[in-house]
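Here are some notes for a colleague who is about to look through this model. The points below are meant to be read beside the sequence and the coordinates.

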Protein chains: 2
Amino acid sequence: MTPRGRPRDTQVDERVLRIAAALIFERGYAGLSIDEVAEQAGVAKTTLYRRWPTKDHLAVAVVARLQADDEITDTGDIRADLVNYLEKIAAALNRMRAAGGREGPSAGVAGELVAAAARHEDIGRLAREQYARRNAMALALIERARVRGELRADLDAEVLFDQLAGALYYRVLITGAPVDRAYAERLVSSALEGSLTCPRS
Amino acid sequence: MTPRGRPRDTQVDERVLRIAAALIFERGYAGLSIDEVAEQAGVAKTTLYRRWPTKDHLAVAVVARLQADDEITDTGDIRADLVNYLEKIAAALNRMRAAGGREGPSAGVAGELVAAAARHEDIGRLAREQYARRNAMALALIERARVRGELRADLDAEVLFDQLAGALYYRVLITGAPVDRAYAERLVSSALEGSLTCPRS
């Protein structure tokens, strides 16, 4: 989103997003209210609405900020690096699932965010840019493993990462199955068997 | 959902779901209204609200009915069978994506349904039961291919299908990338390389 008028106060942004995140994780999506965030942050409602026209916009900004912290680590062992990265994605999804003290298989806030991106053109664009950045990092990791001979030369890197990240989202958003480190390990094993240059033993 | 009072009139259900489906696909999720469906179907609003308490409930029932038609075919060639089945899932997702004449990468109605399942306990349960049935069909297909030696004995069938279906949902709901038959072919190739009993040539 482009700032309008005078330059944005990033400290205010930070405070607002921190308060909004706390509200979402404490009460779930339904418990987030722009008015309450404005009050807690000591910021005029109009300021908040100008910057985030709907609750959907504010919630997506919160998640974008959390995901920006998700680093990908390249240790030279593609299997371990993928498992670690998928575990981070799973943890973020589980946190959204459990927001508001929710238990059980519902996707919770993760589901609401998917709908927000589907409903508002601008949010959709923002979310897709964000995921494109994440995908690019993962593809670079896979490419380096390919170049050093850990993965086979003709692998389909884009599809490989779709399968890995996709399986996590499928379980959280669609089937309601759990995702954790043990699942990430099964997933990477299953997907990599087709990507390793060495034949299966 | 269990029927209450006198037995449901399945012909009325059929008509209502057909009208609701037409409205969703013509106008998108925002264009669906229980009141308008009641009017077009010549059914009392109260009858509709008793059976489907919210628009979310009605929309999920529409999709459940459409998905019931998705058959899985076992020709004895697991690669072809999976590609064909994934192509059906992709087509259903694309139809929801394009509902209301929408173009471009937004998930459209598919995104709204994910949120509906996350928001309402009963819808979530219904949706998960539906996906469990679909997953079971796919797992049986994979299992038969394993038994006849097309797939390796120690494959992780559950993860394999998560990777396949998951990649489609990931593109539609998250990254906004297209899904079609060509993509289903790339996907099955990438995933199966790790599942074939014969070594890669």
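**Notes on the predicted two-chain model**

1. UniProt, in an unreviewed entry, places the feature "DNA-binding region" at residues 33–52 of chain A. In this predicted model, that stretch of chain A is 75% helix and 0% strand, with its end C-alpha atoms 12 Å apart.

2. In chain B, helix α1 covers residues 10–27, and because its 18 residues at 1.5 Å a residue should span 26 Å, the 25 Å between its end C-alpha atoms agrees with expectation. Just after α1(B), G28(B) adopts a positive phi of about 85 degrees.

3. The buried residues of α1(B) include D13(B) as well as V16(B), L17(B), I24(B) and F25(B). Their packing partners, taking the buried residues of α1(B) together, are α2 (34–41), α3 (45–51), α4 (55–67), α5 (78–97) and α6 (109–119) of chain B.

4. Chain A is superposed on chain B by a rotation of 180 degrees with 0.0 Å of shift along its axis, at an RMSD of 0.0 Å. The two copies are therefore related as by a two-fold rotation axis, and the same surface serves both, since 100% of the contact residues of chain A recur in chain B.

5. The contact draws 46 residues from chain A and 47 residues from chain B, and the area buried between the chains is about 3800 Å², with carbon and sulfur atoms giving 50% of it. On the chain A side, R128(A), Y170(A) and I174(A) lose the most area to chain B, together 17% of what that side buries.

6. Across the interface of chain A and chain B there are 10 salt bridges by the rule applied. A salt bridge joins the side chains of R119(B) and E112(A), at 2.9 Å from N to O.

Definitions and conventions
Residues numbered from 1 in each chain as written. Chains lettered and ligands numbered in written order. Predicted model: local features only at pLDDT ≥ 70, side-chain atom pairs only at ≥ 80, totals over all residues. Heavy atoms only, no water. Helix = DSSP H or I, 4+ residues; strand = E, 2+ residues; numbered from the N terminus. Expected span 1.5 Å × (residues − 1). Buried < 20%, exposed > 50% of the residue type's maximum accessible area, 1.4 Å probe, protein only. Contact = heavy atoms within 4.5 Å. Least-squares fit on C-alpha atoms with pLDDT ≥ 70 in both. UniProt positions renumbered as here; feature names shortened; annotations may be inferred. Buried area = accessible area lost by both parts, 1.4 Å probe. Salt bridge = Lys/Arg side-chain N within 4 Å of Asp/Glu carboxyl O.
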